[in-house]
Each structure stands twice: as C-alpha cells, then as structure tokens.
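Please look over the sequence and the fold before reading on. The paragraphs below go through the structure one region at a time.

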Amino acid sequence: MPLIVFSGNRFLAEEALRDTLAARGLNVRDLPRLAGEEISAEAVAPLLAPSLFGDGGLIVDFAGMKPDKALLELLAAAPVTVAVLDEAPPATRVKLYEGRGEYHPSPTPQKTSDVAGWVAQRARKTGLKLDRDAALYLAEVFGSDLTGIAGELNKLALLDPPLTADLVRRVVGREPPGDTFALLGAATGGRPAEAVTQLRRLLATGEDPFKLLGAVVWQYNLVARCVALLQEEGRVTEQ
C-alpha cells in the first residue's frame with residue numbers, strides 16, 4: 001500500500017489529503033491520526049495492520065518534529081495506506097517520499113499578489129463571481145491565512161453576484177493592516193489621502209505613534225542628508 005505525503009501550505013495540504021484519500025474510498029474521520037510527540041515507532045506499528053475489510057490507513061502529522069530514518073522506513077513499508085503531512089520537508093526526505101511513495105506538494109503563497117491569485121482561482125473553481133479588487137482585498141486582510149479566506153468565500157457564496165470589492169468589504173468588516181513603508185512612500189510621493197489611510201490602519205492595529213513618528217523623522221533626515229551631499233559633491237554613492 002502506498003505512502004502518500006502532502007506538503008506546502010497547511011490548509012491546502014490538509015485539503016489535498018482529504019480529497020486524495022476520499023478518491024481511494026477512505027474517510028479521514030475514520031482513520032487514526034498521530035501528531036507531534038504522539039509519533040514513535042512503538043505507537044505507529046500497531047496501527048499499520050490491515051483491517052478485516054481490506055486496506056486500513058493512518059494519518060501522521062510531522063508538524064513540530066523531525067522524523068528519523070527508522071520511522072520513515074517503517075511508514076514506507078506499511079501494508080496499509082499511510083498519509084503524511086510534512087509542511088516543509090528537506091530535500092533528503094522529499095527524495096525518499098518520491099522514491100518510496102507519492103509526493104503531493106501544495107503551493108505556499110505568501111506575497112499579497114500570489115494570495116490574490118489563489119483567491120481568484122479558488123473563486124472561479126467554486127463558481128463565485130468575485131471581482132479582482134475583492135480578491136486583492138481578501139489577500140490584503142488575511143495574508144497567508146488561506147483557512148480564513150476559504151471561510152469568507154463560503155459565506156460570500158450565499159450572496160447574489162456580482163461580488164464587488166465594496167460588498168465584500170462590508171461583509172468581512174475588516175481593514176487591511178497598515179504598512180509603514182507604504183505610508184512613507186505615499187507621503188513622500190505627495191499622496192496625502194493614501195498616507196492618512198495607512199496611518200489610520202497602523203494606529204488601529206496598535207502601532208506605537210512615537211515609533212511611527214521616529215520612522216518618519218529617520219526617513220526625511222536621510223533624504224535631507226542625501227540632498228545636502230548632492231549639493232556639495234554632485235553625487236551620492238553607497239560609501
């Protein structure tokens with residue numbers, strides 16, 4: 001029976017695990033699951049025996065632990081289906097997974113643009129008519145929390161389309177976090193409305209006003225020094 005390993009973003013890996021096992025006639029709720037300190041060769045071995053009705057199964061979650069070679073060999077040689085969650089395995093474990101079983105890596109979107117792309121793709125997959133700006137808003141608010149985004153998409157599925165950014169913003173009721181660099185960039189670039197918006201978001205999330213003031217002073221002090229050097233020497237280098 002196969003060793004099936006899932007890595008990448010936690011939410012996506014768990015989802016891929018459920019779908020893959022379901023396609024093989026296995027329900028994750030019916031399978032024993034071990035995680036963290038529960039995992040040892042002694043604990044795993046009794047769970048690897050086939051059931052009276054054929055293939056059994058086991059789910060092993062490596063979060064927070066480093067499995068040794070003996071444990072990996074035991075799982076790979078199991079006579080039942082073993083599903084492993086290993087979010088970020090090193091190359092040596094990936095090689096073992098690919099050689100001894102099936103390896104299913106999921107993406108790990110981190111950047112806002114990547115998360116927004118995932119949101120838009122998931123919305124299309126589920127038939128949601130979600131505006132591009134709405135997908136970007138969800139990415140800005142939730143960051144890499146794909147579980148939270150999926151929950152919001154489930155709620156939005158109950159609404160009539162189109163799902164515009166304004167509608168989604170009212171339903172979700174959260175503002176994106178502020179960005180100090182965006183604040184400084186907007187202020188320097190002569191965009192006061194954007195700068196005030198970023199400042200309001202930063203203060204709403206508990207940022208220290210004096211630290212923000214210090215960042216602004218530091219930035220403009222640096223600009224003033226560069227201007228002075230340009231006037232004196234004609235150019236500025238990294239030295």
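This is a predicted model: local features need pLDDT of at least 70, side-chain atom pairs count only at pLDDT 80 or more; totals for chains, interfaces and linings use all residues.

Residues are numbered from 1 along each chain as its sequence is written, and side-chain values use heavy atoms, with hydrogens and water left out.

Helices (H or I, at least four residues) and strands (E, at least two) are DSSP runs, numbered from the N terminus. Strand β1, residues 3-7, is mostly covered, five of its five residues being buried, where buried means under 20% relative accessible area, exposed over 50% and partly exposed in between (1.4 Å probe, protein chains only). Leu3, Val5 and Ser7 point one way from β1, whereas Ile4 and Phe6 point the other way. Strands pair if DSSP finds at least two bridges between them; β1 runs parallel to β4 (residues 81-85), with four bridges joining them, and β1 is also joined by four bridges to β5 (residues 102-105), again in parallel. Val5 has Val84 as its bridge partner in β4, and Phe6 has His104 in β5.

Asp61 belongs to strand β3, residues 57-61, and is buried, with a relative accessible area of 5%. The side chain of Asp61 reaches the backbone nitrogen of Ala63 at 3.0 Å. Not counting residues up to four places away in sequence, Asp61 touches Arg10, Arg33, Leu34, Ala35, Gly36, Ile39 and Leu85, contact meaning heavy atoms within 4.5 Å.

In helix α8 (residues 165-172), the residues Ala165, Leu167, Val168 and Val172 are buried. They cover an arc of only 160° around the axis, so they lie on the same side of α8; the arc is that of the directions from the helix axis to the C-beta atoms. The face turned away from this buried side carries the exposed residues Asp166 and Arg170, while the buried residues of α8 pack against α6 (132-142) and α7 (146-156).

A nonpolar core is a set of buried Ala, Val, Leu, Ile, Met, Phe, Trp, Tyr and Cys residues joined through side-chain atoms within 4.5 Å. The largest one has 26 residues, of which Val119, Leu130, Leu138, Ile149, Leu153 and Val168 touch the most other members. The largest share of this core, seven residues, comes from α6. Apart from this core lies another, of 19 residues, among them Val44, Val60, Phe62 and Ala76.

Terms used: A polar contact is a pair of N or O atoms within 3.5 Å; within protein, one must be able to donate a hydrogen and the other to accept it, and residues adjacent in sequence count only if both atoms are side-chain atoms.
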